[in-house]
Amino acid sequence: MIETENNDILSGEIIAEDKKDFALRPQTLDDFQGQKALKDNLKIFLKAAKARGESLDHVFLSGPPGLGKTTLAGIIAHEMGAEFKVTSAPALDKPKDLAGLLTTISPNTVFFIDEIHRLKPAIEEMLYVAMEDFELDWVIGQGPSARSIRLPIPPFTLVGATTKSGNVSSPLFSRFGINIRMNLYEKDEIISILTRSAAILDIKIEKNAMSVLATCCRGTPRVANRILRRMRDFAQIYGDDVITLETVKFGLGKLEIDEMGLEKHDRELLRAIIEKYGGGPVGADTLAITIGESTETLEDFYEPYLIQQGFIQRTPRGRVATPAAYKHLGLEAQLNEDQRLFL
Ligand SMILES: Nc1ncnc2c1ncn2[C@@H]1O[C@H](COP(=O)(O)OP(=O)(O)OP(=O)(O)O)[C@@H](O)[C@H]1O
Ligand SMILES: [Mg+2]
């Protein structure tokens, strides 16, 4: 995902501080915490491709921001002992941009395209041939005398990442041999990530403090690392350099993050569905306008966590608030007919 001006602590998007995060970024599959099923499979695919002396099949990575897609792409290159080349779809403006990259790679390079759902049609078509045949369709000349030639390129592994897998065309999607869908992390996985990051950053944190913190990270590694750094600030200024349960409670209170890991905006969103739209269903576009966010931010960032936590549900007619949402806000649940039908 591209860097934004958004400095929201819980936002999954990249903020300037995260770029200093290199030390925290795992380099090997063993160092990549959680997501066991995904890692087990990937290990086998990597081992088999290496044993055959081939490049790994093309990999499609999808899931909400901050879950480790870019990290995983880097790990794949590292594990394959291959060159890692990074670009993003919006940066590929003309076919020659893509051709320039693909003709200069070394064999078996891991070629990472972020935001792959944003490829221009001409580039996407060029990529089809490149992915399938390791060749480029290149048109020379113009008008009636134009002809197309095929240029061989070295074998490579395309890793395409997106937060919007639904926006990727099916011809492109079908050319990926390995499809990895990343889901929000469970609490124990976030604890592993926090433990690892705390050790790297030399941060002392008590066990019960870690446990509370882990429930407030939206199941997202990027958010976990960010909250850990903020708690270190609170401990440094108000405490004695150790993050205690007290520090965490105080710090989360200051950041307006509640015990379920919801921030002010999440609560406003739930309140809007309940109070403005009678509990729903309400369409994503309408809801996004009500809370002053883009539909994209609503769908990519706010919803996955609220759905995982069981506060809202997506239905064919829009979003509905669940009884858990009423309870969390301290409201009495009076479910309407639609809610009763869907829940
Ligand atoms: N499984 C993991 N174990 C440890 N740290 C992780 C893991 N996954 C992600 N991280 C950390 O979280 C940060 C964010 O991950 P990354 O940038 O790879 O997310 P992303 O899915 O590419 O996000 P975006 O959609 O915004 O591009 C990384 O810098 C890394 O430090
Ligand atoms: Mg990324």
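Analyst: We begin with contact: two residues are in contact if their C-beta atoms, placed from the backbone, lie within 7 Å. Helices (H or I, at least four residues) and strands (E, at least two) are DSSP runs, numbered from the N terminus. The model is predicted; local features need pLDDT of at least 70, side-chain atom pairs count only at pLDDT 80 or more, and totals for chains, interfaces and linings use all residues. Residues are numbered from 1 along each chain as its sequence is written, with chains lettered from A and ligands numbered from 1 in the order in which they are written.

User: Which residues of α7 meet which residues of α9?

Analyst: From α7 come Asn208, Ala209, Val212 and Leu213, and they meet Leu245, Thr247 and Val248 of α9. By class, this contact has five nonpolar, two polar and no charged residues. Here Ala, Val, Leu, Ile, Met, Phe, Trp, Tyr, Cys and Pro count as nonpolar, Asp, Glu, Lys and Arg as charged, and the others, Gly among them, as polar.

User: How is the geometry of such a pair read?

Analyst: Two packed helices are described by the angle between their axes and the distance between the axes. Axes are lines fitted to C-alpha atoms, for helices over the stretch in contact, and angles run from 0 to 180 degrees between N-to-C directions. Helix α7 (residues 207–214) packs with α9 (residues 245–254) at about 30 degrees, the axes being 7 Å apart. This makes α7 roughly parallel to α9; angles under 35 degrees count as roughly parallel, over 145 as roughly antiparallel, 65 to 115 as roughly perpendicular and the rest as oblique.

User: At what angle do α3 and α4 pack?

Analyst: Helix α3 (residues 95–102) and helix α4 (residues 121–133) also make an angle of about 30 degrees, with axes 9 Å apart. They are therefore roughly parallel to each other. Pro95, Leu98 and Leu102 of α3 make the contact with Ala122, Ile123, Met126, Leu127 and Ala130 of α4. By class, there are eight nonpolar, no polar and no charged residues.

User: What is the strand order of the open sheet?

Analyst: Strands of a sheet pair through backbone hydrogen bonds, either parallel or antiparallel. Two strands pair if DSSP finds at least two bridges between them. The five strands here run in the order β2-β3-β6-β1-β7, with parallel pairing. Because β2 (84–88) and β7 (178–181) stand at the edges, each with a single partner strand, one side of each is left without a neighbour in the sheet. The twist averages 15 degrees from one strand to the next.
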